[in-house]
Amino acid sequence: MKKRTWIVASVLLFSIWVFLSGRFEGKFLMYGAVASVLAGWLFAKINDEMGISIPEFIRYFFWLLKEIIKSAWDITKVVLSPNLEINPHLIEFDLDHGSDVAAIMLANYRFNHCFLFIQKDKGTS
């Protein structure tokens, strides 16, 4: 593993982290530095095995960012469209899993961002 690749990747990732987080308190900078060093080490290890260079990684990052922005724009157009036909439903079913944690885990696993999980108190209708 090349030490230079590890250092450059760590510095690049930390710079991206600082830019995206906007947090400048010591605790958060330390978390970002540790995460960046670990991710930089992982990148350097992958680079040794697969031959992915830092310029390719940067190109991929900007391609991914562009795709995320395009996706967000497409979703925004659909949601704000005046012709959008929305037919909301409220589906009721019993959850008998024994604990609130199990119900929350089911809700997080089963439903995606298009659904709203509503808990009804027992004994109410």
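Figure 1. Glu67 is partly exposed, at 26% relative accessible area (buried is under 20%, exposed over 50% and partly exposed in between, with a 1.4 Å probe and protein chains only). The model is predicted: local features need pLDDT of at least 70, side-chain atom pairs count only at pLDDT 80 or more, and totals for chains, interfaces and linings use all residues. Residues are numbered from 1 along each chain as its sequence is written, and side-chain values use heavy atoms, leaving out hydrogens and water. Glu67 forms a salt bridge with Lys66, with the closest N and O atoms 3.8 Å apart (a salt bridge puts a side-chain nitrogen of Lys or Arg within 4 Å of a carboxyl oxygen of Asp or Glu). A salt bridge also joins the side chains of Glu67 and Lys70, at 3.3 Å from N to O. Glu67 and Lys70 are three residues apart in helix α3, so about one helical turn separates them. Lys66 is partly exposed at 42% relative accessibility. Lys70 is partly exposed too, at 43%. Side chains of opposite charge can pair when their charged atoms come close.

**Figure 2. The whole chain.** The protein has four helices and zero strands (DSSP runs numbered from the N terminus, helices being H or I of at least four residues and strands E of at least two). Along the sequence the pattern is α-α-α-α. Of the 125 residues, 12% count as buried. The accessible surface comes to about 11000 Å² (Shrake-Rupley method, 1.4 Å probe; for residues, only the protein chains shown count as cover). Carbon and sulfur atoms hold 65% of that surface. Among contacts between residues at least 6 apart in sequence, 52% join residues at least 24 apart (a contact means heavy atoms within 4.5 Å). A search of the whole structure finds four salt bridges.

Figure 3. Four aromatic pairs are counted in the model (rings of Phe, Tyr and Trp, the last by its six-membered ring, pair if their centres lie within 6.5 Å; planes under 30 degrees apart are stacked, over 60 edge-to-face and the rest tilted). Phe14 and Trp17 have ring centres 6.1 Å apart and planes at 15°, so this pair is stacked. Both residues belong to helix α1, residues 3-21. They are three residues apart, about one helical turn. Phe14 is partly exposed, with 26% relative accessible area. Trp17 is also partly exposed, at 26%.

**Figure 4. Phe28 and Tyr31 in helix α2.** Phe28 and Tyr31 make an edge-to-face aromatic pair. Their centres are 6.3 Å apart, with 80° between the planes. The two residues sit in helix α2, residues 26-50, three residues apart and about one turn of the helix. Phe28 is partly exposed at 22% relative accessibility. Tyr31 is partly exposed, with a relative accessible area of 48%.

Figure 5. Arg23 lies over the face of Phe28, 4.0 Å from the ring centre (a charge sits over a ring if NZ of Lys or CZ of Arg is within 6 Å of the ring centre and within 35 degrees of the ring normal). Arg23 also forms a salt bridge with Glu25. The closest N and O atoms there are 3.2 Å apart. Arg23 is partly exposed at 37% relative accessibility. Glu25 is partly exposed, with 40% relative accessible area.

**Figure 6. A nonpolar surface patch.** Met30, Tyr31, Val34 and Leu38 form a nonpolar patch on the surface (patch residues have over 30% relative accessible area and no salt bridge; like charges are joined within 9 Å, and nonpolar side chains, Val, Leu, Ile, Met, Phe, Trp or Tyr, within 5 Å). Together they present about 430 Å² of accessible area. Val34 is in helix α2. Val34 is partly exposed, at 47% relative accessible area.

**Figure 7. Leu84 in the loop.** Leu84 is placed in the loop between α3 (54-79) and α4 (100-110). Leu84 counts as partly exposed at 34% relative accessibility. Leaving out residues up to four places away in sequence, Leu84 touches Val78 and Val79.
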